Every structure is written in C-alpha cells, then in structure tokens.
Amino acid sequence: MPELPEVETIRRQLLPLYRGEIFREIRLSALAALQNCRAEDFQRLAGKRIDDFHRRGKFLIFECQGIYPVFHLGMSGIFLKSKAESLYPQHIHAEMRFKSGKELFFQDMRRFGNIRLYSEFPQFPGLGIDPLGAEFTAGRLNALLAAKKMNLKQFLMDQRYIAGIGNIYASEILFRARLSPRRKTHELKSRERAALFQAIPAILASAVENFGTTYSAYRTVTGESGENQHFLQVYQREGEPCHRCGRAIIKTVMGSRSTFYCEKCQR
DNA sequence: TCTGACCTGCGA
DNA sequence: TCGCAGGTCAGA
C-alpha cells in the first residue's frame, strides 16, 4: 500500500540508479494505455535524459528534459530493475529501456495505479500540503482543522488537505497523537492540535527511515521488503495489547476502511 | 459528506 | 468460494 514513505523510499532508490539514464524506448501495456493516455505519446521520451526524481504526496515524478512522466502506484504498484524479478509479469504495465542497457519495469497487479505524461512540471491542483515539506506548518494545519467538521481519520486520509497519508499511517499517527480516529477536526483543543502536528511528520519520517511498510505487494526498487511493519503500534494489531497501556487494540471500520486504535490511550 | 465500485491475489 | 486488503473517484 504505497503511501508517502513507500513512494519516498522508491524515489531515493531510483535516484542513484537511474539519474542520467537516457531513454531508448518505453512500452506501455494495452491496459495502461487504455486507462490513461496514448502509448504513442510516450515515444517522445526516447532520447530524453532523466535529470531528477521528485515526489509530491503519493505521486512520483520523473524529470526528463522538459517531459514529466508521473506515476501513481495505487495499491500495488512497484518498480523492478528486471523483468525476471517480477512475480506477476502479466501485470507489468510499463517497460522502460535505456541506452546504457539498464531497464526499469512498472508492475501493478491490481491496476489502481496510473501513469500520466506532462509537458511541464505538474502542479497537482487540489492536492494538499506535503507533510514532509517546509509548507507544512502548525498554522496551516490548525487552519485546516478549524475549517472542517469531519472525523480525524478521514481528514488525514483526504489528499486535498494533506498529501501522502493513507490507511496505515493515519492509524499510526492518531495513536502517536493519542487522539481517537472519531474525534472531529474542529473540536480539537490547541494541545491536541499540537500533538497531531508533531505526530504526522514524525511517523512518516520514521517510516521513510525504515524503507516503508510492507504488507503483501510493496517492495523497494532493490526487491526487498520495507522494515516499518515491525514498528507499527496499532495497524493490523487487533486484539493484541497496546504497547502503552496493555488494553487490546480495537479494529473498526471508518469510511469503508479498517481502522485500528486503543480506546484507552486515544481520546 | 459518505458509500460503493474498481481490481486481483491470497487465505480462510 | 468468498471476503478482505485499500487509493481514488463518481455518484448519491
């Protein structure tokens, strides 16, 4: 489930491996082409050099001399250095080959991901603040919280407000901040807003250090699992004792998504 | 603001 | 065989 830490891990791994590489060809599967844009448009990439990789929320942006392929990994998107590493070669939707002989494959088993091509640096109108960027300030978070009347779990996962948080880290952030996922945004006291402001980047940065969280599909570019699943406090721990108070972790459903929390520690 | 559909592999 | 996993978006 690639959220911000998984996409950031992939970006950091792609940089030393593929920066400076020049595209020889790029092929999209029929499915990828049907869903997103015309495969022939991608031929414009041939001869272009990859100068940088950027991340905005959960979007991964390739900067290629005035052309910007943008990948969203959806639920199961991963990058592979070779086709032989793929467990599901039938789900490879983009094959990128470079003049040096290197290759890069985008595999997306569940096809929730997408690929788009931009002619200038994409701006993503409507996408919220990046929680690891300088623009993420207490003032901006407080203003967002005050303006909304929704529960915290859904607020955190809504990409229009904060970009990059998904189901796993929303639960983990709320545990860290000792806030119930059912609390309403506009009702938080200043001390609680401050706790949330601290918890969001802390949880995400720590997950980046651990190379992301692996459940099922996610793998880093080097084909390894992330490590962060070993450090989760509540996610997928239903019935297990809370690491703070010992009470069993509760699982509930909010917004059609499983949500994990401690009834005693999170108020 | 909320719900269900999309999609596929996996485990019960 | 069926339910579950969850990011996103359309529609209610």
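Reader: What does a polar side-chain atom of H91 lie 2.9 Å from?

Author: In this predicted model, a phosphate oxygen of DNA strand B lies 2.9 Å from a polar side-chain atom of H91, which is read as a polar contact, meaning a pair of N or O atoms within 3.5 Å.

Residues are numbered from 1 along each chain as its sequence is written, and chains are lettered from A and ligands numbered from 1 in the order of writing. Local features need pLDDT of at least 70, side-chain atom pairs count only at pLDDT 80 or more, totals for chains, interfaces and linings use all residues, and side-chain values use heavy atoms, without hydrogens and water.

Reader: Which part of DNA strand B holds 68% of its atoms within 4 Å of the protein?

Author: Sugar or phosphate accounts for that 68%, and bases for the rest.

Reader: Which side chain meets D52 in a salt bridge?

Author: A salt bridge is a side-chain nitrogen of Lys or Arg within 4 Å of a carboxyl oxygen of Asp or Glu; here R19 meets D52, at 3.7 Å from N to O. D52 lies in strand β2 and R19 in the loop between α1 and β1, so the pair ties together parts 33 residues apart in sequence. D52, at 21% relative accessible area, is partly exposed, a class between buried (under 20%) and exposed (over 50%), found with a 1.4 Å probe on protein chains only.

How values were computed
A residue is near a molecule or strand if one of its heavy atoms lies within 4 Å of it. A polar contact is a pair of N or O atoms within 3.5 Å; within protein, one must be able to donate a hydrogen and the other to accept it, and residues adjacent in sequence count only if both atoms are side-chain atoms. Helices (H or I, at least four residues) and strands (E, at least two) are DSSP runs, numbered from the N terminus.
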